[in-house]
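The following dialogue is meant for a reader who is new to this structure.

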Amino acid sequence: MTPPSTVPADPHSGPEGPTALLPRDYAAAARERLDGPVWDYIAGGSGDEVSLRGDRAAYDRYRLRPRVLVDVSHCELSTTLLGRPVAFPVGIAPMAYHRLVHPEGETATVRAAGEVGALTIASTFASKTLEETARAATGPLWLQLYVLRRREITESLVRRAEAAGYRALVITVDTPRMARRERDLRNGFSLPSHIRPVNLDADHTAGLHRGRSGSSTLAEHSARHHDAAFTWEDLAWLRSLTDLPLVLKGVLTAQDALRAADLGVEGLVVSTHGGRQLDGAVAALDALPEVVAAVEGRCEVLVDGGVRRGTDVLKALALGARAVLVGRPVLWGLAVDGAAGVEQVLSTLQDELAEAMALTGRPRLDTIDRELLNGPSGFANHSITHDRDMA
Ligand SMILES: Cc1cc2nc3c(=O)[nH]c(=O)nc-3n(C[C@H](O)[C@H](O)[C@H](O)COP(=O)(O)O)c2cc1C
């Protein structure tokens with residue numbers, strides 16, 4: 001069949017017109033471009049990758065129940081995260097070493113996020129310093145912290161984050177040790193010599209560049225430096241260090257969520273670390289409702305892992321998330337087209353969310369609720385009420 005000579009305007013096509021890539025195309029193009037072990041480091045998960053697949057599959061088990069005849073001529077996506085405005089409820093998850101995929105690394109990523117008004121969370125293991133990243137940022141910026149054995153390093157990162165203008169600290173709590181990531185072990189994955197965890201001192205750089213088959217230098221590094229003895233009691237120490245809001249990343253149960261809220265933590269990220277830590281963990285989306293219920297609005301709850309479409313964002317919001325984070329798609333965009341690629345990935349998600357809101361009759365974020373979903377175990381038992389005030 002011959003294609004039509006005029007193609008209707010495609011809201012996903014971006015500034016470059018119809019040739020601009022969609023997130024899935026970016027994945028394919030990034031895979032072609034990156035060395036196999038780098039691709040595997042990014043794409044892979046731990047163990048049998050059950051959690052990696054499970055995070056994604058959880059989204060597909062929900063179906064949407066659209067409402068019709070609602071005025072959706074304007075859909076409002078803007079919101080706040082810990083009191084700061086963002087253009088839409090999608091942020092960039094913390095990920096180590098962006099320079100593995102693009103020479104500009106984190107500074108390109110954060111510039112792109114600023115262009116579209118999205119949150120960025122920079123990783124402790126960034127390949128640009130946290131100060132360089134902050135200088136390139138025009139949108140909200142949080143810093144992710146791993147608690148290291150040498151507590152003075154964690155403390156100095158907190159001070160540097162405060163001085164550089166970071167607005168929150170995200171403490172990753174699902175990595176007392178790094179899980180076995182078998183792709184990396186098989187590949188003998190190590191960092192190329194020009195890439196280092198530049199936020200840390202030489203002691204933390206040693207050994208990262210000498211790979212050998214059957215081991216991952218990142219896993220060995222984590223075994224040496226991560227503090228596996230860090231507990232709730234120690235969290236109080238972190239709390240006492242700073243007035244910056246604290247967010248715990250990697251919480252999957254109501255019990256831990258409650259404990260965090262009781263300690264005055266301001267935010268939670270429900271996460272399996274993108275299927276890279278405990279393999280066989282409950283899917284993040286499936287853990288979300290119990291966490292939301294447990295904190296009763298005392299914390300802002302975010303979720304990540306497997307978010308690839310605007311409809312995924314909508315489903316997470318319907319289950320009570322304030323926002324979602326995306327990881328790998330950002331690195332695909334960065335690998336293929338630098339800041340422009342990241343911007344395209346984010347704005348596609350933004351456009352798709354707006355479309356999903358319009359097509360489900362939910363023009364504002366506060367109209368997105370559980371009624372929007374059919375649960376995984378069949379049709380939800382929704383009570384039928386009059387909702388004249390929905391629009
Ligand atoms: C290459 C890579 C590096 C990551 N590095 C970190 C990190 O340094 N700190 C952290 O808390 N999470 C890290 N994560 C996990 C992400 O923050 C996030 O939880 C996960 O990628 C979300 O899933 P998604 O990639 O399916 O969107 C990393 C993930 C990837 C893919």
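The dialogue takes up salt bridges and then nonpolar cores in this predicted model.

Q: Which parts of the chain does the salt bridge between E49 and R183 link?

A: The side chains of E49 and R183 meet with N to O at 2.9 Å. E49 lies in the loop between helix 2 (36-43) and helix 3 (50-60), while R183 belongs to helix 7 (residues 182-187). The two residues are 134 residues apart, and the pair thus links distant parts of the chain. A network of salt bridges also joins D40 with E49 and R183.

Q: How far apart in helix 7 are E182 and R186?

A: E182 and R186 are four residues apart in helix 7, so about one helical turn separates them. They form a salt bridge in which the closest N and O atoms are 4.0 Å apart. E182 is partly exposed at 31% relative accessibility, whereas R186 is exposed at 61%.

Q: What is the N to O distance in the salt bridge of E152 and R150?

A: The side chains of E152 and R150 meet at 3.1 Å, N to O. E152 is partly exposed, with 49% relative accessibility, and R150 is also partly exposed, with 30%.

Q: Which residues touch the most other members of the largest nonpolar core?

A: In soluble globular proteins, nonpolar side chains tend to be buried together. Here the largest nonpolar core has 108 residues, and Y97 and L268 touch the most other members. Helix 14 (residues 328-359) supplies the largest share of this core, 14 residues.

Q: With which residues is L268 in contact, leaving aside its neighbours within four places in sequence?

A: With those neighbours set aside, the contacts of L268 are V247, L248, V251, A257, A260, V291, V295, C299, E300, V301 and L302. A second, separate core of 13 residues has among its members L81, V86, I121 and L302.

Key. Residues are numbered from 1 along each chain as its sequence is written. This is a predicted model: local features need pLDDT of at least 70, side-chain atom pairs count only at pLDDT 80 or more; totals for chains, interfaces and linings use all residues. Side-chain values use heavy atoms; hydrogens and water are left out. Buried means under 20% relative accessible area, exposed over 50%, partly exposed in between (1.4 Å probe, protein chains only). A nonpolar core is a set of buried Ala, Val, Leu, Ile, Met, Phe, Trp, Tyr and Cys residues joined through side-chain atoms within 4.5 Å. Contact means heavy atoms within 4.5 Å.
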